[in-house]
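Open the model in your viewer and keep the selection panel at hand. The tour moves from one selection to the next.

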Amino acid sequence: MASLKEVKARIASVNSTLKITSAMKMVASAKLHRAQAAIENMLPYERKLHEILEGFLSSEGAVASAYAEKHNAVERVAVVAVSSNSSLCGAFNANVARKLGETLTEYRSLGKERVLVFPIGKKIAEAVRKAGYVPQGDYQSLAERPTYREASQLAERLMRMYAEREIDRVELVYNHFKSTASQVLRREEYLPLQVEPAKTKGVAADYIVEPSREEVIRTLVPQVLSLKIFTMLLDSNAAEHAARTIAMQMATDNATELLQELTVQYNKSRQQMITSELLDMMGAEIGNG
């Protein structure tokens with residue numbers, strides 16, 4: 001059995017850890033509140049804008065877009081994967097790395113030089129290098145504090161590469177924030193733009209546009225694609241803080257449980273020591289008598 005000094009030192013260590021995990025949980029919870037508000041405010045706008053775009057592209061007489069055109073052969077692929085910059089968020093980063101690994105395995109036949117990986121976040125960038133791929137840029141700031149300006153710059157780069165046929169497909173891998181206790185891993189096709197027939201009560205949407213359908217689509221498509229990247233980053237950011245909140249809550253609960261066990265062990269050891277000392281004293285008195 002451990003000595004009283006060892007148990008007391010262990011209790012002090014667990015207490016220190018408990019304070020840290022409790023503080024980290026409070027910080028993550030506060031960040032989650034802000035991130036959740038941001039994604040909940042953005043999602044309806046992004047979905048409605050995409051719905052309008054589908055109405056244009058799927059209605060009769062729609063103008064084709066270079067970003068919705070499928071290339072005949074998929075020879076070069078870009079994959080955008082989003083993680084966090086730090087750990088202590090459960091399986092958040094490991095899940096993204098695993099899904100990215102599965103995606104890269106599917107494109108193994110193309111060769112590593114034909115699969116371009118855009119890692120957003122320090123942890124996934126490390127996983128990309130470990131897998132033998134060269135990260136297509138440093139996007140750590142987008143994982144920490146997503147901004148529309150930086151998100152649109154990445155979107156514009158991907159759109160330009162697709163339009164110029166430098167790449168034939170773009171996929172996204174990230175965690176979707178479903179609730180505080182649930183984050184859903186997603187893999188989505190970003191380019192070519194997926195367009196489904198837009199219908200209102202069974203009738204295809206009919207729009208009257210000014211100045212022209214061509215001009216509206218030329219303006220609307222890049223906005224929708226840029227907004228998609230920004231929304232994905234906000235979504236992943238909220239999922240990260242949710243995962244970290246849960247992880248710190250579990251760590252706090254485990255530390256509290258361990259502290260209780262150590263306290264019981266300390267009290268038992270102390271009681272045994274006192275009992276032993278009393279017996280020794282009584283034995284000495286009997287011997288003297």
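Select Phe118. With a relative accessibility of 0%, Phe118 counts as buried. This is a predicted model, so read what follows as properties of that prediction.

Phe118 and Tyr139 make up one of them, a tilted pair with 6.5 Å centre to centre and 45° between the planes. Colour by secondary structure here. Phe118 belongs to strand β2 (residues 115-120), while Tyr139 sits in the loop between α3 (122-130) and α4 (140-144), so the pair ties together parts that are 21 residues apart in sequence. Is Tyr139 buried or exposed? Tyr139 is buried, because its relative accessible area is 13%, and buried means under 20%.

Now select Tyr148 and Phe230. This aromatic pair is edge-to-face, with 5.7 Å centre to centre and 85° between the planes. Tyr148 lies in helix α5 and Phe230 in helix α6 (residues 213-288), so the pair ties together parts that are 82 residues apart in sequence. Check the cover on each partner. Tyr148 is partly exposed, at 37% relative accessibility. Phe230 is buried, at a relative accessible area of 11%.

Stay on helix α5 and show residues 148-163. The helix has 16 residues. From its first C-alpha to its last, α5 reaches 22 Å, close to the 22 Å expected at 1.5 Å a residue. Which residues of α5 are buried? They are Ala151, Ser152, Leu154, Ala155, Leu158, Met159, Met161 and Tyr162. Keep the helical repeat in mind as you look down the axis. An α-helix has 3.6 residues a turn, so residues three or four places apart point the same way. Then step just past the end of α5. Arg165 takes a positive phi there, of about 60°.

Go back into the helix and pick Met161, which is found in α5. Met161 counts as buried, at 7% relative accessibility. Show its surroundings. What does Met161 touch, leaving out residues up to four places away in sequence? The partners are Leu116, Phe118, Glu166 and Ile167. Phe118, the opening stop, is thus a contact of Met161 as well as a ring partner of Tyr139. Next, draw a distance from Met161 to Ala78. Their C-alpha atoms are separated by 9.5 Å, although the two residues are 83 residues apart along the chain.

Move to helix α6 and select Arg244. Is Arg244 buried or exposed? Arg244 counts as buried, with 9% relative accessibility. Setting aside neighbours within four places in sequence, Arg244 is in contact with Ala28, Ser84, Ser86, Ser87, Leu88 and Cys89.

For another charged side chain, select Lys112 and Tyr133. The charged end of Lys112 sits over the ring of Tyr133, 5.3 Å from its centre.

Finally, zoom out to the whole protein. The secondary structure comes to six helices and six strands. Along the sequence they follow the pattern α-β-α-β-α-α-α-β-β-β-β-α. Of the 289 residues, 40% are buried.

Methods. Residues numbered from 1 in each chain as written. Predicted model: local features only at pLDDT ≥ 70, side-chain atom pairs only at ≥ 80, totals over all residues. Heavy atoms only, no water. Helix = DSSP H or I, 4+ residues; strand = E, 2+ residues; numbered from the N terminus. Buried < 20%, exposed > 50% of the residue type's maximum accessible area, 1.4 Å probe, protein only. Contact = heavy atoms within 4.5 Å. Phe/Tyr/Trp six-rings, centres within 6.5 Å; stacked < 30°, edge-to-face > 60°. Lys NZ or Arg CZ within 6 Å of the ring centre and 35° of its normal. Expected span 1.5 Å × (residues − 1).
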